[in-house]
Amino acid sequence: MHNSYPLWKNVLILLVFLVSIIYALPNLYNEDPSVQVVSSHAGTALTPTQVSTIEKLVKDSNTPTKAFEVADGRVLARLGSNDDQLKIADLLREKMGNDYTVSLNLAPTTPGWLRALGAKAMYLGLDLRGGVHFLLEVDMDAAVKQAEERYNDDLRLALREANLRYQSVAKDNGFIKIKLKEAADKPNLFKVLDKNFRTLEVTEPDGTPDEVWLKIGERELKDTRKNAVAQNMTTLRNRVNELGVAEPVIQQQGENRIMVQLPGIQDTGRAKDILGTTATLEYRLVDVEHDVQKAVEGHPPVGSRLYYEKDGRPILLNRQVIVTGDQILDASSSVDEDSRPAVVINLNGAGAAKMGKMTQANVGKPMAVVFIEYKSENRIVNGEKVRHKEKVEKVISVATIQGVFSKRFQTTGLDSPQEARNLSLLLRAGALAAPVDIVEERTVGPSLGQDNIDKGFLSFIVGFVLVVLFMAGYYRLFGMIANLALAFNVVIVVAILSLLQATLTLPGIAGIILTVGMSVDANVLIFERIKEEIRNGNSPQASIFIGYEKAFATILDSHVTNLVVAIVLFVFGTGSVKGFAVTLIIGILSSMFTAITGTRMVINRIYGDRRVDKLSI
């Protein structure tokens with residue numbers, strides 16, 4: 001009797017091992033602490049003069065630099081330590097000003113030939129090494145102002161629909177003040193308020209019978225602030241998912257702060273921009289009936305607002321907003337018929353109805369797209385650093401309405417494909433309910449996680465060596481074959497985690513160590529069955545065949561049981577538990593392959609084609 005695999009099966013097994021080695025190799029290369037500098041203006045590349053200035057600042061600091069790289073309009077300085085990284089980052093932030101985004105980064109050192117094959121190292125969690133920690137502060141005052149702005153616009157619309165004439169509806173010191181044309185219309189106003197605005201507190205000031213003051217109640221203000229944090233957390237999760245970060249940690253701290261941890265993030269500059277940007281769009285009709293110059297001189301017409309286009313030209317737009325970013329269901333970057341960057345917009349039902357109604361009534365008239373963004377910067381006031389917040393509104397596109405459209409349409413006027421991609425990501429993930437400021441940023445590197453790395457690696461080595469010694473001493477040649485399969489099992493697990501771009505944490509290391517024990521457990525069952533068959537008088541070849549065939553059902557049962565538990569952990573667990581479950585699931589499937597198929601291929605090559613009287617087991 002001969003034990004052998006067909007040629008195709010041997011080739012397949014060897015191919016799996018070869019591919020696993022290639023995709024596990026990048027994990028042997030460290031990452032360089034680096035500082036990345038990009039222009040703070042989206043889509044704008046650094047000029048050669050700016051690059052030279054940055055390089056000179058780094059060299060003049062007398063800080064050892066491994067490399068200075070320029071690619072895609074950005075600069076990356078590779079440094080030797082985390083202390084040097086922080087030193088250079090602080091220097092560049094101080095010298096370069098607010099026109100540049102300076103970010104901490106971990107740059108891979110994987111050889112080019114491996115990167116060409118698509119091989120990347122798996123990420124390390126914040127408890128080991130790599131990643132960025134952000135602490136974001138939600139601007140609660142802005143959240144309240146936005147709520148007041150919404151009520152302001154809704155009140156105007158409700159009064160027009162009720163045919164109530166009014167002189168003004170304006171915000172003033174926490175109140176929304178309605179001034180009617182005639183005091184006799186007050187009863188009708190109260191009917192409108194009672195029907196649609198019951199949550200607002202109503203005040204009738206003395207001496208002004210034609211005015212009514214409205215104010216958001218304390219309970220609603222508290223809910224507004226609470227909802228702003230909750231909605232921001234949801235939006236940040238969506239944005240982080242768009243960045244492709246594995247196992248992010250997003251948690252609320254206190255009443256108005258959100259902690260974001262991005263394990264293994266590579267492009268921290270883009271992550272910083274995406275997380276901190278409060279970007280949305282508004283679509284408004286262009287006011288072509290009034291003189292824009294009078295508005296520039298400080299006399300804007302009633303019902304219109306003065307804006308500026310990207311090239312600085314003034315333009316008048318209607319105060320009434322057609323649709324806003326919160327009515328956008330989906331957005332994707334694209335190009336228009338002239339190959340210019342564009343964003344394809346899909347609106348929800350309410351937004352589509354408003355857009356369809358507006359375009360139907362205004363064919364041939366111009367419509368503008370307003371890009372709204374909140375920015376914050378540090379300014380020196382009376383010798384002290386003060387954080388200044390600014391709402392930036394700019395018209396990115398003005399186009400004539402050629403026909404009726406509603407649910408799906410295209411927005412142009414963007415400077416670059418990267419700006420289109422970033423804008424579509426922000427719109428797809430949703431606008432932040434209130435602006436956020438990054439009040440703390442740090443990387444977690446070897447200095448903080450080295451103890452965890454050392455202990456995790458030591459436990460793996462000790463467990464692996466003890467298992468190897470036991471298997472080699474007790475099962476001899478068969479034990480050495482099992483040890484070989486055990487090593488390849490670890491390689492396969494690491495390769496799959498790398499292909500998935502998963503984040504390895506301490507629980508993940510525990511899962512790999514557990515996999516080591518499970519892998520040899522399958523071989524122990526097989527080898528003991530082979531020894532039992534030999535004691536029963538079967539030939540060595542028959543014992544090998546029966547040992548693998550009869551032990552398979554038992555091994556399958558035990559691994560399926562473990563797999564069910566791992567899947568339950570993955571489904572119901574969170575954070576580190578989910579990471580442990582992922583590693584365990586991969587390890588269970590991998591150990592089945594190496595312990596049964598891998599070891600049998602090697603044993604077949606050693607014993608399968610010759611007559612033997614005794615096995616080294």
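Analyst: Let's start with a definition: two strands pair if DSSP finds at least two bridges between them. Keep in mind that you're looking at a predicted model.

User: Okay, what makes β6 and β12 count as paired strands?

Analyst: Check the bridges. Strand β6 (residues 132-138) and strand β12 (residues 257-262) are joined over 6 bridges, in the antiparallel sense. The cut-off is at least two bridges, so 6 bridges make them a pair.

User: How do you know how covered β6 and β12 are?

Analyst: Count the buried residues. A residue is buried if its relative accessible area is under 20%. In β6, 6 of the 7 residues are buried, and in β12 it's 5 of 6. That's what "mostly covered" means for β6 and for β12. Across the chain of 617 residues, 46% count as buried.

User: Which other strand pairs with β12, and what joins the two?

Analyst: That's strand β11 (residues 249-253), with 5 antiparallel bridges to β12. Q253 stands opposite R257 there. The two strands form a hairpin with 3 residues between them, and G254 in the turn has a positive phi of about 70°.

User: Why are β17 and β21 called edge strands?

Analyst: Look at the order first: β17-β18-β21, an open sheet of 3 strands with antiparallel pairing. β17 (328-335) and β21 (408-411) each have a single partner strand, so one side of each has no neighbour in the sheet. On average, neighbouring strands in this sheet are turned by 25° against each other, ignoring direction. As for β17 and β18 (residues 341-347), 7 bridges link them in the antiparallel sense, and S332 has V344 as its bridge partner.

User: What holds strands of a sheet together in general?

Analyst: Backbone hydrogen bonds, with the strands running either parallel or antiparallel.

User: Now the rings! Why is the pair of F405 and F409 called tilted?

Analyst: It's one of 12 aromatic pairs in the structure. The centres of F405 and F409 are 5.3 Å apart and the planes make 40°. Centres within 6.5 Å count as a pair, and planes under 30 degrees apart would be stacked, over 60 edge-to-face, so 40° falls into the tilted class.

User: Which of these is buried and which is partly exposed, F405 or F409?

Analyst: F409 has a relative accessible area of 8%, which is under 20%, so F409 is buried. F405 comes out at 23%, between the 20% and 50% limits, so F405 is partly exposed.

User: What makes K177 count as sitting over a ring?

Analyst: K177 lies over the face of W213, at 4.0 Å from the ring centre. The distance limit is 6 Å, so 4.0 Å passes. K578 is another case, with its charged end 4.6 Å from the centre of the F570 ring.

User: Which residues touch the most others in the largest nonpolar core?

Analyst: Among its 42 residues, those are F478, I526, F527, I530, I603 and L615. Helix α12 (446-499) is among the suppliers, and gives the most, with 13 residues. F478 and F527 also belong to an aromatic cluster with F470, Y474, Y475 and Y607.

Key:
Residues are numbered from 1 along each chain as its sequence is written. This is a predicted model: local features need pLDDT of at least 70, side-chain atom pairs count only at pLDDT 80 or more; totals for chains, interfaces and linings use all residues. Side-chain values use heavy atoms; hydrogens and water are left out. Rings of Phe, Tyr and Trp (its six-membered ring) pair if their centres lie within 6.5 Å; planes under 30 degrees apart count as stacked, over 60 as edge-to-face and the rest as tilted. Buried means under 20% relative accessible area, exposed over 50%, partly exposed in between (1.4 Å probe, protein chains only). A charge sits over a ring if NZ of Lys or CZ of Arg is within 6 Å of the ring centre and within 35 degrees of the ring normal. Helices (H or I, at least four residues) and strands (E, at least two) are DSSP runs, numbered from the N terminus. Axes are lines fitted to C-alpha atoms, for helices over the stretch in contact, and angles run from 0 to 180 degrees between N-to-C directions. A nonpolar core is a set of buried Ala, Val, Leu, Ile, Met, Phe, Trp, Tyr and Cys residues joined through side-chain atoms within 4.5 Å.
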